[in-house]
Amino acid sequence: MSRGVALALEDVHRTFHSDVEGEVAALAGIDLAVAAGSFVALLGPSGCGKSTLLRLVAGLDSPERGVVRRSEATGRSDVAMVFQDAHLLPWRDVLANVALPLELLGRPRAEGRGLAAAALGQVGLRDALRRYPAELSGGMRMRVSLARALVTEPRLLLLDEPFAALDELTRMALDDELRRLWREAGLTVLFVTHSIAEAAYLAERVVVLSRRPARVVLDHAVALPAERGPALRAEPAFARELGVLQEALRRGAALA
Amino acid sequence: MTSTRLARVAPPVATFVVGVALAELVIRALDVSPLILPRPSAVLAAAVAESSALLPALGATARAVLGGLALASTLGIAAAVALAASPWIQRAFYPYAIFFQIVPIVAIAPLLVIWFGYGPRAVVAAAFVVSVFPVIANTLAGLLSVDPALRDLFRLHGASAPATLWKLRLPWALPYLLTGLRIAAGLAVIGAIVGEFVGGGGLGVIVLGAMRQQRTDLVFAAVGYASGLGLALFAAVGLASRLALRHWHVSERER
């Protein structure tokens, strides 16, 4: 199976200046290549620099040293991002929220509304177009956020601990939803999380990062079938994956 | 009227009625001179009897207040947008915006008359001077508090600066702006009355005239009209904010 490289990071460094702590190195020499169409999870402890990495990949920040290459990124609309918490515009209804990226890209309003309605259909929210974010549950808001990310048909989807604030059942449902969307749309997914189970369940490949400054501790191909469902979480193979990742996280935490 | 709304309106109305009745009784019992403190019934009588003078004056004051508020909103929002553009601009100019907050309007009103002449323009200017700062300060706070993730989202999709302003920053600042306007509305009435003391016209002149004639009842009646104007403006801004924010902002939801 030869797939092109969607994304490559070479020796990426990023340091922040904090008034309290002085110079804080978030990333110290990250190398990472992501194949087009793959689902990669970045697993690391809280505050290890995962979000920094994602912002660099999105082009919202630039490294002091090293390069970030996005081979397929020919235009702005090729990358989409889902944040921790939904971050919707509270003054817009659901449909207008999802149409926002298209609006910013200058697409005609009617076309934007049509595509937004279709994207909301994909995440199972066809009946909530006219509702406002404040009227939705946390899980529904996150679905809207997913639809907003998918509406531009991005090649690369970046997710920054998107389901961390949701209850367990909602989170599992959204995990399945996300895998289905990934397989249907054929996009490249980079998913940042601190949850071992979520990383193992979702990704084809898990990159375990050490605590700050983040370095790659383990680059692991997940040995689980492509068809995944709730039953998988109880299987021995899944438990083995959890064990491998947990061990790597421990090693990363011990690194100084 | 629902019972919950009744429960909200009844207590302040009851306080008012009881307070006024009590004042009437006490003033009668102690036989206070009407020059010092007229009875509420006398004030009410003056408010009705002199309404042919008070109502046009109220209209003039209201026009000046609305003019001042309109200026304060437009210039205040524009100033806040300019100040929010960079920390350097803020550091250079914001201390001077505070001038509007601390300037004693009574002292500066004569200056406004020198600049704008006697009449409504000086009064509008006085209303503007006292009401612009809350608009600037609140709008600026709103513009600076935009969710960083949403800024990232707009940047990610290549939004232009004007698009980010119209579709993100100004709507985000709207609840803050409306809070500022609520404060500004009350202040503008004060500014206009002080402006009228010096520049002429409106309720301010009636108050001055009544004072010279020792018509304390008429002073109170004019003050009542002015308070009514302030209350009406306060309620109008409240209504506007309820309509604008009802779908989304915690301050106006579930009321």
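**Strand pairing and beyond**

Guide: To start with one pair, H13(A) has R65(A) as its bridge partner in β4(A). Strands here are DSSP runs of E of at least two residues, helices are runs of H or I of at least four, and both are numbered from the N terminus. This is a predicted model, in which local features need pLDDT of at least 70 and side-chain atom pairs count only at pLDDT 80 or more, while totals for chains, interfaces and linings use all residues. Residues are numbered from 1 along each chain as its sequence is written, and chains are lettered from A and ligands numbered from 1 in the order in which they are written.

Visitor: What is the bridge partner of E10(A) in β4(A)?
Guide: That is V67(A). β1 (residues 5-18) of chain A and β4(A) are joined by 5 bridges and run antiparallel. Two strands count as paired if DSSP finds at least two bridges between them.

Visitor: And how many bridges join β1(A) to β2(A)?
Guide: There are 11, again with the strands antiparallel. H17(A) stands opposite E23(A) in β2(A), and a hairpin through 3 residues joins the two strands, β1(A) and β2(A).

Visitor: What order does that sheet have?
Guide: The order is β2-β1-β4 in chain A, an open sheet of 3 strands with antiparallel pairing. β2 (22-35) and β4 (65-70) are at the edges with a single partner strand each, so one side of each has no neighbour in the sheet. On average, neighbouring strands are turned by 20° against each other, direction ignored. For angles, axes are lines fitted to C-alpha atoms, for helices over the stretch in contact, and values run from 0 to 180 degrees between N-to-C directions.

Visitor: Which strands form the sheet of 6 in chain A?
Guide: Its order is β5-β6-β7-β3-β8-β9; the sheet is open and the pairing mixed. β5 (79-82) and β9 (216-221) are the edge strands, each pairing on one side only. The twist from one strand to the next averages 15°.

Visitor: In what sense do β5(A) and β6(A) pair, parallel or antiparallel?
Guide: Parallel, over 4 bridges, with β6 covering residues 156-160 of chain A. V82(A) has L159(A) as its bridge partner in β6(A). Helix α4 (residues 138-150) of chain A lies across β5 and β6, at about 170° to β5(A).

Visitor: Change of topic. Why is α1(A) largely enclosed by the rest of the structure?
Guide: Because 7 of the 9 residues of α1 (residues 50-58) of chain A are buried. Buried means 20 or more other C-beta atoms within 10 Å of the residue's own, exposed means 12 or fewer, and partly exposed is in between, with C-beta atoms placed from the backbone. Among the buried residues of α1(A) are L53(A), L54(A) and L56(A). Just after α1(A), G59(A) takes a positive phi of about 85°.

Visitor: Now chain B. How many helices and strands are there?
Guide: Chain B has 10 helices and 0 strands. Its C-alpha atoms fill a box of roughly 75 × 55 × 30 Å along the principal axes, and 37% of its 255 residues count as buried.

Visitor: How is chain B divided?
Guide: Into domain 1 (1-31) and domain 2 (44-252), with bounds from an automatic or database domain assignment. The domain centres, taken over C-alpha atoms, are 30 Å apart.

Visitor: How many residues of chain B are in contact with chain A?
Guide: 17 residues of chain B are in contact with 14 residues of chain A, where contact means C-beta atoms, placed from the backbone, within 7 Å. α7 (148-156) and α8 (161-199) of chain B each supply at least two residues of that side of chain B, and α7(B) gives the most, with 7 residues.

Visitor: Which residues have the most contacts inside the largest nonpolar core?
Guide: L43(A), V98(A), A126(B), A127(B) and A222(B), in a core of 146 residues. A nonpolar core is a set of buried Ala, Val, Leu, Ile, Met, Phe, Trp, Tyr and Cys residues joined through C-beta atoms within 7 Å. Leaving aside neighbours within four places in sequence, A127(B) is in contact with residues including A64(B), L69(B), A188(B) and G195(B).

Note on methods: Contact = placed C-beta atoms within 7 Å.
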